[in-house]
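This report covers selected strand pairings, a helix contact and a pocket. The sequence and structure are shown first.

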Amino acid sequence: MSKPWLDQYDSWVPAEIDADACENVVDMLLEAAEKYPANTAFSNFGGKLSYADSVAESRNFAAWLQTSLGVKKGDRIAVMAPNMMAFPIAMLGILRAGGIQVNVNPLYTSRELEHQLNDADAETIVVFSGSTETLADIVANTPVNNIVVASIDDLIDRGLPSPPVDPRLTETVAFRDALNAGEDMEFSAPQISGEDLIFLQYTGGTTGLSKGAMLTHRNLVANILQFESCIGDYIDHGNDVVITAIPMYHIFALMVNTLCYFKFGGTNVLITNPRDMPGFVAEWAKWKVNVFTGVNTLYNGLLHTPGFADLDFSCMRFSMGGGAPVQKAVSDKWKEVTGKHIKEGYGLSETSPVLTVNPFGMSDFKSAIGVPIPSTDISLRDDDGNVVGEGERGELCAKGPQVMKGYWRRDDATAEVMTDDGYFRTGDIAVMDDTGFFRIVDRKKDMILVSGFNVFPNEIEAEVAAMDGVLECACIGVPDAKTGEAVKVFIVCENADLTKAEVRAFCKERLTGYKVPRQVVFIDELPKSTVGKILRRELRDA
């Protein structure tokens with residue numbers, strides 16, 4: 001199959017990378033720490049931790065895990081915490097001990113947490129004190145018998161209070177105590193190969209119970225090198241400042257912000273509560289930020305936060321969007337304020353995550369997910385598995401060294417998403433233009449069928465978002481007696497005078513008749529995941 005996207009590569013980007021250039025992620029990170037020992041690796045609430053300190057503290061945690069808990073290579077250890085200093089240090093310690101990190105959303109419900117801990121068969125959890133109530137509700141129904149509690153003030157000593165530990169959890173160890181104890185314990189580094197698992201990254205569970213994507217060290221080594229090769233001169237090794245507001249337990253921030261920028265010797269500024277937009281902007285003001293990553297709603301939220309437009313963006317090298325489509329209206333406003341468009345990329349938990357990205361040397365906004373990164377092949381296929389023609393819609397199927405090993409203990413689910421020739425079926429519908437750029441049309445399950453015509457919510461949302469007075473919007477399909485389904489749009493306004501008739505009139509000028517929203521609902525707030533993705537399913541279920 002021809003790969004027209006190779007012609008779109010920036011001059012420095014290779015067609016292939018060597019996924020076996022480094023045996024495992026641990027070696028890659030320790031090499032970076034040796035190179036930049038005095039650099040600040042992480043900052044949170046004004047506290048800072050150097051690369052040398054990160055290596056020392058993670059070594060202590062790894063020693064404590066081995067000596068006190070008997071952790072062996074391959075043991076699953078859950079981490080349930082927001083962006084705080086304990087997260088990367090616990091992660092480095094777990095990986096150095098040969099453990100498999102199970103990333104857990106700290107805002108999970110008891111039901112979701114119970115399922116994930118049982119599915120992963122995790123006996124140990126590192127949990128933020130503010131999430132211990134949820135853990136206490138279900139811990140007796142899980143294999144967990146070791147609870148390490150992390151607090152906001154761990155490793156930064158800023159006198160910041162953390163929520164109290166739920167009193168039902170009577171036998172816990174403070175993360176800080178584990179680090180102190182580990183300092184006097186022996187540590188034995190296990191042999192870690194590329195095929196060993198590094199993370200169980202659980203999917204969102206939008207079609208049922210969440211599944212654990214088995215990501216290997218080779219998967220992550222490959223994706224780090226793939227991403228690095230795409231950025232090229234847009235990295236300033238040892239000097240970059242990246243600001244991390246999307247959660248580190250999510251694969252986007254975990255790979256790009258946390259692992260990549262540690263390898264690059266950068267400083268990672270952790271934002272614990274990005275919903276506090278004024279506080280977020282105040283923290284940003286303290287840094288000469290070079291790189292920012294986020295989802296469309298986060299960009300939009302910052303643009304509407306007083307004081308953001310007054311920040312100094314003279315050092316910004318690029319901004320990258322993922323997790324959800326980046327709307328042109330948002331990117332245009334972002335460029336107006338910061339001087340740079342948002343680079344949209346695409347990937348999934350199952351792909352470590354990056355599959356495609358727009359070329360970094362391209363200054364204009366491209367309403368597309370970009371082109372496949374090195375060593376990645378994309379194939380668009382119909383429901384029967386046949387490759388579709390140029391310009392035709394098809395399910396995006398991907399092959400590359402970053403694609404997961406499979407779903408944890410779910411051979412049946414793995415078989416469902418893998419083609420006979422080894423491609424991963426993403427469930428996203430896409431088209432490729434004649435230059436090799438891909439554009440996501442929508443998720444299969446989100447497609448709306450109006451009188452036999454396919455309507456894709458992303459297209460409707462992009463148009464409505466460009467309307468004056470619209471802060472954000474979401475589109476779903478609803479049953480309709482005449483057309484089977486009809487388009488319904490939910491809008492959060494910044495202009496209280498906006499009317500339903502004005503919205504419909506605006507859409508009629510830009511959309512074919514059957515795509516025009518039949519129903520318009522004004523709403524105070526759209527439901528979102530902790531990453532910031534708009535949850536259409538909750539709008540459908542309401």
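## The S1–S2 hairpin

In this predicted model, S1 and S2 form a hairpin that leaves two residues between the strands. Phe45, in the turn, has a positive phi of about 55 degrees.

Strand S1 covers residues 40-44 and strand S2 residues 47-50. Their pairing is antiparallel and runs over four bridges. One of these pairs Ser43 with Lys48 in S2.

## The four-stranded sheet

An open sheet is built from four strands in the order S17-S18-S20-S21, with antiparallel pairing. The edges are taken by strand S17 (377-381) and strand S21 (438-443); each has a single partner strand, so one side of each has no neighbour in the sheet. Neighbouring strands are turned against each other by 50 degrees on average, direction ignored.

In general, the strands of a sheet pair through backbone hydrogen bonds, in either a parallel or an antiparallel manner.

## Packing of H7 against H8

Helix H7 (residues 217-231) packs on helix H8 (residues 251-263) at an angle of about 80 degrees, and the two axes are 10 Å apart. Because angles from 65 to 115 degrees count as roughly perpendicular, H7 is roughly perpendicular to H8.

H7 contributes Leu220, Asn223, Ile224, Leu225, Phe227, Glu228 and Ile231 to the contact. From H8 come Met255, Val256, Leu259, Cys260, Tyr261 and Lys263. By class, the contact consists of ten nonpolar residues, one polar residue and two charged residues.

## The second largest pocket

The second largest pocket holds about 810 Å³ of space. Its lining comprises 34 residues, and those closest to the centre of the pocket are Asn273, Pro274, Arg275, Ser529 and Thr530. By class, the lining divides into 16 nonpolar, 13 polar and five charged residues.

Which elements give two or more residues to this lining? They are helix H10 (296-303) and strand S24 (470-480). H10 provides the largest share, with four residues.

How values were computed. Residues numbered from 1 in each chain as written. Predicted model: local features only at pLDDT ≥ 70, side-chain atom pairs only at ≥ 80, totals over all residues. Heavy atoms only, no water. Pairing = 2+ DSSP bridges. Axes fitted to C-alpha atoms, helices over the stretch in contact; angles between N-to-C directions. Parallel < 35°, antiparallel > 145°, perpendicular 65-115°, else oblique. Contact = heavy atoms within 4.5 Å. Nonpolar A, V, L, I, M, F, W, Y, C, P; charged D, E, K, R; others polar. 1 Å grid on protein atoms, 1.4 Å probe; cavity = no way out; pocket = protein on both sides within 12 Å on 5 of 7 lines; lining within 4 Å. Points joined across faces, edges and corners; volume = space filled by probe spheres on them.
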